[in-house]
Amino acid sequence: MTKQAKWANMLRLAGLLVLVAVSGLAQAEYKLNFQEPATKVAQNVYDLHVWMMYICGFIFVVVFGVMFYSVFNHRKSSGRTPATFHESTTVEILWTVVPTLILLLMAWPVTVTLLEMRDSSNSDITIKATGYQWKWGYDYLKGEGEGIKFMSVLSTPKEQIHNSAPKGEHYLLETDTHVVVPVGKKIRMLTTANDVIHAWFVPALAIKQDAIPGFIRDASFRPSREGVFRGQCAELCGKDHAYMPIVVEVVSQEKYTAWVADQQKKMAAAADDPNKVWALPEMLKRGEAVYLQNCVACHQANGKGLPPVFPALDGSKIATGPKAGHLEIIVNGKPGTAMAAFGKQLSDTDLAAVATYERNSWGNKVGDLVQPNEIKATRK
Amino acid sequence: MEATAQGHDATHGHGHHGHAPSGLMRWLTTTNHKDIGTLYLWFSFAMFMVGGVMALTIRAELFQPGLQILEPERFNQMTTLHGLIMVFGAIMPTFVGFANWMIPMQIGAKDMAFGRLNNWSFWLLPPAATLLVVSLFVPGGAAAAGWTLYAPLTVQQQGVGMDLTIFAVHILGMSSIMGSINIITTILNLRAPGMTLMKMPMFPWTWLITAYLIIAVMPVLAGAVTMILTDRHFGTSFFNAAGGGDPVLFQHVFWFFGHPEVYIIILPGFGVISQVIQAFSRKPLFGYTSMVYATASIAILSFFVWAHHMYTTGMPVSGQLYFMYATMLIAIPTGVKVFNWVATMWRGALSFETPMLFALGFIVLFTLGGFSGLVLAMTPVDVQMQDTYYVVAHFHYVMVAGALFSAFAAAYYWLPKWTGHMYDETMGKVHFWLTLVFFNMTFFVQHFLGLAGMPRRIPDYALQFTEFNQISTIGAFGFGLSQLVFLYNVITCIRGGPKAPAKPWDGAEGLEWDLPSPAPYHSWETQPTVK
């Protein structure tokens, strides 16, 4: 077999393998553009992108039409003598001016859309989104629903992530609580973060705003239709960056009013009497729940952590040592590390519960019990 | 001609010089631009392999949703090191390698201006690369904040891995700066009599401009990572709001380096492509003067657009508008370059040897990367795309189909001059077509992933992204394996093969083709005169 034939055969084989692989994938449904817009701004962005694609496609066809004409017709193998021209001021001016005009053509609609996108004035409801490693916290600051606050955590079970259970429909894009907003109202989102930079990104609403620790940024959206819109943190924020989704539920005004009433009732019911004295079993039970929601990503379910970055709690000197040191770290965090100041995120009762849980789980058998009023004292 | 008079040296090579050390010591102590060029090229190819294996590990994890082979923290380390190693270990040294080999031969100089500095510039690289690779195995692992090293994540990360990375970046920066000083001095002072700047081939021209960019911005990067170092260990608060700093400051400083950096990577590639297109079209380069001015304009504009990487950080709308318009301006000189290349081919006598194929692939795919860059420049559209796979697709079109394709074009174009043998043309073409197909299979579909909203730098993704990720992963493995064809071709070309004439490409222009193939160890000991 000649060398050429050998290579040709190998190429054929490679091509066949690719074909087989591709045909296996051919049944799937492919999305080739942005998600379906759910705000007017998102629709404008969508149209802008389509418009840009037409312009780019047109330029591509013209420029490479010329190039490939050359490639097929100006070949040495057809016995041509090459031309010798190497400049033309007219042509060079022309192909500087024409692209400039095309850019101006693009710049106008883009500027209009940008100004509309960035206008967050006259909003009906203001919500603050706070990025934590690795969950979002929401505070309804102004408008209907003022005072509502909650955390929003990934609700996809660990088993699905580790492939020991079949993955659900909204794998990684589901949370325990949703940001609920009324349709047609202008929502102003304030973003900030507690630890590192995150980004609040919901594609269908055309909103992506970095959440920067120590600063507050804003963005806004006015949903034009009801529905559930899913997004994710878009700025690398450490280990579980892939696991802090965002779910926005756009509902009718009536449903929103009902949701607000329901939330306020729930918050009142959930508010613990800060002076209640708890018994060990009930504290352990509550502590486990708090631990699984807030601590498990780093310190792990077995309390062994992921040393050296995320230390073990099982057998740790802090978690089995004097209460004061332990509570200090839980409430105020450890600066310069990933250990957040949970005092800002959790209630006294939750903090007391989780401290109790940590002191009395796995191999830790301190046996003591932290009461909410001790947390209150630590906060001072 | 003096060129052929030097030819006798070629067969005896360096063995001629009895006093020169041999074996390992030869390579450690060499001040010869060809030896150092060879070292750079092999080093960068090795780094290309290391960075490539990391890329394949990333793609393997992304073949399916769920976590299979990498835990998230390892995944983040892989993406970070892949980026750092490819940018600083593979692409930049590749072009410094070409510069070392070719600039003296192209401008009629005996060697680079500073031989010992040249040696040190290279030998700084292996320790830096070692620091990066070793950081994978220290407690806490390697840096895991992305190659952009955004604070405060970099300040927060525990373990010595991040510090090793910071020192590696310092060393790599020193190496680049010294290499650039050498290149600028060589070009400005050692050109053959009669070779005015405006008679210089495009490759040295683009490198002259690139070298200035490097000297201007590498210290900025060094400053940025030093601030991270002091925030980590010495109690400063450059990036901590609680201490009066600002996390976004890091991004401004980083991208003030980072945007010129992407032109540092691509400009020498432009030079290569200009020369290759001209050679295989058998026609002088169209608009040489405007090519030089376009390159310089791109370089200057690159200093004024950095914050288009930061549209979503919450800058004022006036800032967004300014950076958007400034970024759009870059399309004009870049367009001029593409038009000039096409006009060079127009009514030429074209043939399609491997360097020309890679040059054509470069022009088409780099232009696609340019289009997606223009789309990303539009602030409201970018808000949808920033930090998604669209950006990943975009910069791989300009980094891989741009810089890497031009590096392949350069390697095939000059291999006969370096080795004195012709490479296997069929194998070269197979390498090109495999690379082209698998490249697009890997990266074209990532545009769609980005449009659909898949964030970058995630080890696990929602189910609707599965199919495109699978195509991309299959493409990536095909792409990686195809590069072994190149390696094999280069090795067989070094070892033997048909003898190459002094000027294997009949349309090629330039002083390097007046030298015999392989080029003698010391070339242009008597400078040629250019008319």
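What share of the 380 residues in chain A is buried? Buried residues make up 36% of them; buried here requires 20 or more other C-beta atoms, placed from the backbone, within 10 Å of a residue's own. The model is predicted: local features need pLDDT of at least 70, side-chain atom pairs count only at pLDDT 80 or more, and totals for chains, interfaces and linings use all residues. Residues are numbered from 1 along each chain as its sequence is written, while chains are lettered from A and ligands numbered from 1 in the order in which they are written.

**Fold and shape**
- Chain A holds 11 helices and 10 strands, taken as DSSP runs (helices H or I, at least four residues; strands E, at least two) numbered from the N terminus.
- Its radius of gyration, over C-alpha atoms, is 29 Å, well over the 21 Å from the globule rule for 380 residues, so chain A is more spread out than a compact globule.
- That rule is 2.2 Å times the number of residues to the power 0.38.
- The C-alpha trace of chain A spans about 95 × 65 × 40 Å along its principal axes.

**Domains**
- Chain A divides into domain 1 (29-118), domain 2 (125-270) and domain 3 (280-379), with bounds from an automatic or database domain assignment.
- The centres of domain 1 and domain 3 of chain A, over C-alpha atoms, lie 58 Å apart.

**Interface with chain B**
- The contact takes 86 residues from chain A and 82 residues from chain B, where contact means C-beta atoms, placed from the backbone, within 7 Å.
- Helix 3 of chain A gives the largest share of the chain A side, 14 residues.

Definitions and conventions. A residue is buried if 20 or more other C-beta atoms lie within 10 Å of its own, exposed if 12 or fewer, and partly exposed in between; C-beta atoms are placed from the backbone. Two residues are in contact if their C-beta atoms, placed from the backbone, lie within 7 Å.
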